[in-house]
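Reader: I have a sequence and a model on my screen. Walk me through the fold, please, one question at a time.

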Amino acid sequence: IYVTHDQKEALCVADRIAVMLDGRIVQVGTPEELYRRPADRFVAGFLGETNFVAARVVSVGDGHLQLDSPVGALTAAAGDRVKSALRPGVTAVCSIRPEAIRLGPVPVGAKNVGEALLEQTSYLGEVAEHRLRVGEAVLKVFELNPMPVVAGRRVGFWIAEADVVVLGIEA
């Protein structure tokens, strides 16, 4: 057993991780499970940066959720953990990791497609950190091996269905 508050270290060295809050275990799993499928808002935020997006459930079925959000219509995989609590009309909170948002020309058939204003970009060498505005919503995006971009222009984006993680009903 190794105890650390360094999330990157834990993700790197652990076979299994237990995330605790106020002395109780809130989720146990492999590093990938916890990062890609966090159980709740706390775990999602604790294990890295993420965009929290509130979304109204439009429909539930066939293992998918259709959502309406400030960043547009979203399709998400319906995880067993929250599927039973979600029904049309309720507001859920979703976690979308900054590196899961793709910029540029949108592939044919892509889901979770939108257009945004690129408000700000910070070139960091191997990665760029962008700030996108979609209406009133703001998304943080990490782009690996970035091409030169200029703030103030409109960009297309898309997010894979598996990368829209529904955490549960918004309180």
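Author: One term comes before the rest. On a 1 Å grid over the protein atoms alone, a pocket is an open set of points with protein on both sides within 12 Å along at least five of seven lines. Keep in mind that the model is predicted.

Reader: What volume does the largest pocket have?
Author: Rolling a probe the size of a water molecule over the atoms shows where empty space is left. For the largest pocket, the volume comes to about 540 Å³.

Reader: Which element gives the largest share of the lining of the largest pocket?
Author: The lining has 17 residues, and those closest to the pocket centre are Y2, V3, T4, I17 and A18. Two elements give two or more residues each: helix 1 (7-13) and strand 1. The largest share is 4 residues, and it comes from strand 1.

Reader: How many residues of the lining are nonpolar, polar and charged?
Author: Pro counts as nonpolar here, and Gly as polar. Sorted that way, the lining has 2 charged, 3 polar and 12 nonpolar residues.

Reader: Which residues have the most contacts inside the largest nonpolar core?
Author: This core has 27 residues. Several strands give two or more residues to it, including strand 3 (51-61), strand 8 (113-123) and strand 9 (127-134). A second, separate core has 7 residues, among them A10 and V43. In the largest core, the most contacts belong to L67, L132, L139, F157, V164 and V166.

Reader: Which residues does L132 touch, leaving out those up to four places away in sequence?
Author: Contact means heavy atoms within 4.5 Å. By that rule, L132 touches L103, A116, L117, L118, A137, V138, L139, V141, V155 and F157.

Reader: Is D22 buried or exposed?
Author: D22 sits in the loop between strand 1 (17-21) and strand 2 (24-29). Its phi is positive, near 55°, and it is not glycine. The cut-off for exposed is over 50% relative accessible area. D22 has 76%, so it counts as exposed.

Reader: What is the relative accessible area of N145?
Author: N145 lies in the loop between strand 10 and strand 11. Its phi is near 50°, again positive in a residue other than glycine. N145 is exposed, and its relative accessible area is 61%.

Conventions
Residues numbered from 1 in each chain as written. Predicted model: local features only at pLDDT ≥ 70, side-chain atom pairs only at ≥ 80, totals over all residues. Heavy atoms only, no water. Core = buried A, V, L, I, M, F, W, Y, C linked by side-chain atoms within 4.5 Å. Buried < 20%, exposed > 50% of the residue type's maximum accessible area, 1.4 Å probe, protein only. 1 Å grid on protein atoms, 1.4 Å probe; cavity = no way out; pocket = protein on both sides within 12 Å on 5 of 7 lines; lining within 4 Å. Points joined across faces, edges and corners; volume = space filled by probe spheres on them.
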